[in-house]
Amino acid sequence: MNFAPPEAQSEAETQIAFTGNLIDPQSEHRTDDAAGKALKDPVARLMLVREGRLCLKVADGGFDPYFSLVEADALEARFGEAVLLGRSARGPVLAAPYDSEKEALPDNLKAIDFRSVYIQGLLGGEDLGALAQGAALLSWHESHRFCGRCGGETVMRAGGYRRFCAACGREHFPRTDPVAIMLAVRGSECLLGRSPHFAPGMYSCLAGFIEPGETIENAVRRETFEEAGIRVGRVAYQASQPWPFPYSLMIGCIAEAVSEKVDPDLSELEDCRWFTREEVSRMLAGTHEAGLMTPPKGAIARHLIAGWVGRE
Ligand SMILES: [Zn+2]
């Protein structure tokens, strides 16, 4: 982005998935018909999304997430619902839903779920960042077709950064749901838990939605106490991660625990306990004797854990 030179990016911003967006959103220039105008530009490129999957071209040695207007049309892109992500050096970039069935795609196209796109490293950081922006915006539009105040039908404005209700005049703005994710630490140990839906052997940081009226610090303290029975004192922000499932922002913190006895909420966690630095180090390196592991590279939880251990 032209307002954030690359040298301003922290190390975290190059290591955490979905954080590398370089599209200039040009927010101050968004007119009501910004998306329609961008779609008239012959060099416009679109990301195409359908049911939580991104359409990718299988290109030489990699994947290309961008489609020309003609290519998008052939895949039944819904241009009227396209959102404008902004401008790249190569012209306007948009994201749109499309209607072609997964099974009907030609061999050189694949529809891959967002999570796999990130876990399998199919896209570079810059394109993953654009995906986070496009996927979050499109999800918000999909679930805000009607006015929350009067029930009237709403229409898209400002290239997708607003919806307007003609019936009552209310404007609606895209939302981002903040989630606190924290590594509670105490001396040479840190607190990790596992939910039943995690991959076998995986342990991670605790996390939870920040509630209305709550500070980040208190959300960290509340979630850690509710999930693990551990009391937290000082909380320090470390890094954040856009998380397009469907439109969250993960806010990563280190939390200083002031109690020791873990009392896990077994309705949410199947296990939660203290781990020594040495044990976590083996989990990060993939050499743990029982096969325990941390989340993969690119996950903010791993960034918090690795930062505390002092490796990577
Ligand atoms: Zn209304």
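Predicted model: local features only at pLDDT ≥ 70, side-chain atom pairs only at ≥ 80, totals over all residues.

Colleague: Good. At what angle do helix 7 and helix 8 pack?

Modeller: Helix 7 (residues 277–285) packs with helix 8 at about 130 degrees, and their axes are 10 Å apart. The two helices are therefore oblique to each other.

Colleague: Is that crossing left-handed or right-handed?

Modeller: Helix 7 and helix 8 make a left-handed crossing. On the helix 7 side the contact involves Arg 277, Val 280, Ser 281 and Leu 284, while helix 8 brings Ile 305, Ala 306 and Val 309.

Colleague: And which residues of helix 8 are buried?

Modeller: Helix 8 covers residues 300–309, and its buried residues are Ile 300, Ala 301, Arg 302, His 303, Leu 304 and Ile 305.

Colleague: What happens just after helix 8?

Modeller: There you find Gly 310, with a positive phi of about 95 degrees. Gly 310 counts as exposed because it has 8 C-beta neighbours inside 10 Å.

Colleague: Let's zoom out. Which domains does the chain have?

Modeller: The domain assignment gives domain 1 (6–144) and domain 2 (177–309). Their C-alpha centres lie 30 Å apart.

Colleague: How many residues are in contact across the two domains?

Modeller: Domain 1 has 15 residues in contact with 12 residues of domain 2. On the side of domain 1 that touches domain 2, helix 1 (11–15), helix 4 (114–119) and helix 5 each supply at least two residues. Helix 5 has the largest share of that side, with 6 residues.

Colleague: Now the core. Which residues touch the most other members of the largest nonpolar core?

Modeller: Those are Leu 46, Leu 48, Leu 94 and Ala 95, out of 83 residues in that core. Helix 5 (residues 125–142) gives the most to this core, namely 9 residues.

Colleague: Why does the core lie between the domains?

Modeller: Because domain 1 and domain 2 both give residues to this core.

Colleague: Take Leu 48, then. What is it in contact with, apart from its neighbours within four places in sequence?

Modeller: Leu 48 is in contact with Cys 55, Phe 67, Ala 72, Leu 75, Ala 77, Ala 96 and Tyr 98.

Colleague: What about phi at Phe 18?

Modeller: Phe 18 is not a glycine, yet its phi is positive, at about 75 degrees. You'll find Phe 18 in the loop between helix 1 and helix 2 (34–38). Phe 18 counts as buried because it has 25 C-beta neighbours inside 10 Å.

Colleague: And Ala 158: what is its phi, and where does it lie?

Modeller: Ala 158 has a positive phi of about 50 degrees, although it is not a glycine. Its place is the loop between strand 7 (154–157) and strand 8 (162–165). Ala 158 is buried, with 20 other C-beta atoms within 10 Å, and the cut-off for buried is 20 or more.

Colleague: Last one: is Tyr 203 buried or exposed?

Modeller: Tyr 203 counts as buried, with 25 C-beta neighbours inside 10 Å. Tyr 203 lies in the loop between strand 11 (189–194) and strand 12 (206–209). Leaving aside neighbours within four places in sequence, Tyr 203 is in contact with Leu 192, Gly 193, Arg 194, Leu 292 and Thr 294. The C-alpha atoms of Tyr 203 and Ala 301 are separated by 9.7 Å, and these residues are 98 residues apart along the chain.

Colleague: Thanks, that's a handy tour!

Technical notes. Residues numbered from 1 in each chain as written. Core = buried A, V, L, I, M, F, W, Y, C linked by C-beta atoms within 7 Å. Buried ≥ 20, exposed ≤ 12 C-beta atoms within 10 Å, placed from the backbone. Helix = DSSP H or I, 4+ residues; strand = E, 2+ residues; numbered from the N terminus. Domains from an automatic or database assignment. Contact = placed C-beta atoms within 7 Å. Axes fitted to C-alpha atoms, helices over the stretch in contact; angles between N-to-C directions. Parallel < 35°, antiparallel > 145°, perpendicular 65-115°, else oblique. Left-handed = near helix turned anticlockwise from the far one by under 90°.
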